[in-house]
Amino acid sequence: MTDKNNEKIDKNKEEPGGLRVKPINNGTVIDHIAGGQALNVLKILGISGTTGATVSVVMNVESKKLGKKDIVKVEDRELREEELNRIALIAPAASINIIRNCRVIEKRPVDLPDEIVGVVRCQNPNCISNTHEPIKSRMLVKVKNPVLLRCLYCEQPLANGIAEYLI
Ligand SMILES: Nc1ncnc2c1ncn2[C@@H]1O[C@H](COP(=O)(O)OP(=O)(O)OP(=O)(O)O)[C@@H](O)[C@H]1O
Ligand SMILES: [Mg+2]
Ligand SMILES: [Zn+2]
């Protein structure tokens with residue numbers, strides 16, 4: 001392989017061999033998603049086969065930080081705070097890259113607030129937040145990465161499989 005090719009590959013370590021899909025002009029790249037979580041990210045964004053959004057998904061590529069990572073690229077869309085919080089729950093190492101005119105103009109990690117209200121269902125079926133009472137779930141964020149939540153009402157912890165408990 002020529003030096004020039006090696007240099008090109010070096011510059012795109014996270015997507016070996018360069019971008020796997022055509023660059024987008026405007027939109028959001030959610031990078032450093034833990035391998036296997038891309039489909040849950042799409043779910044959070046409300047993207048299904050019928051929504052018509054232009055989306056590229058890269059799954060299980062090598063990452064120095066994460067071992068394997070997924071990447072989701074959504075054209076012509078910037079994400080809301082609430083969507084970012086949900087992504088932080090299932091992909092706490094994710095970085096959000098805003099793309100304008102084909103370039104990354106802003107990059108920031110996702111971050112969780114100290115408490116999340118009405119987003120994650122408590123695992124304890126007897127918890128007051130799971131009864132017919134009009135009480136929204138309230139989860140304290142004990143650890144941000146790997147995520148550890150604790151129900152404010154019954155102290156039930158939640159760490160694994162959080163995607164399944166998203167409301
Ligand atoms: N125009 C674009 N279209 C599609 N994807 C893009 C575009 N520009 C950048 N990306 C992707 O967005 C992510 C962030 O791009 P950047 O150039 O900042 O990479 P990086 O230097 O590896 O960043 P980091 O240090 O966050 O890993 C990468 O996955 C990159 O492939
Ligand atoms: Mg990178
Ligand atoms: Zn509870």
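Strands here are DSSP runs of E, at least two residues long, and helices are runs of H or I, at least four long, both numbered from the N terminus. This is a predicted model, in which local features need pLDDT of at least 70 and side-chain atom pairs pLDDT 80 or more, while totals for chains, interfaces and linings use all residues. Residues count from 1 along each chain as its sequence is written, and chains are lettered from A and ligands numbered from 1 in the order written.

Now show the whole shell. 15 residues surround ligand 1, each with its C-beta atom, placed from the backbone, within 6 Å. The closest are Pro-23, Ile-24, Val-29, Asp-31 and Cys-102. E1, E3 (67-75), E4 and E5 each supply at least two residues.

Next, select Asp-31. Its bridge partner in E4 is Ser-95. E1 (27-34) and E4 (95-100) pair in the antiparallel sense over five bridges; pairing takes at least two DSSP bridges.

Zoom out to the sheet. It is open, has five strands in the order E2-E3-E1-E4-E5, and pairs antiparallel. E2 (55-63) and E5 (103-109) are the edge strands, each pairing on one side only.

Finish at Gly-35, in the loop between E1 and helix H2 (38-44). Gly-35 counts as partly exposed because it has 15 C-beta neighbours inside 10 Å; buried takes 20 or more, exposed 12 or fewer. Then pick Lys-68: the two C-alpha atoms are 4.9 Å apart, across 33 residues of sequence.
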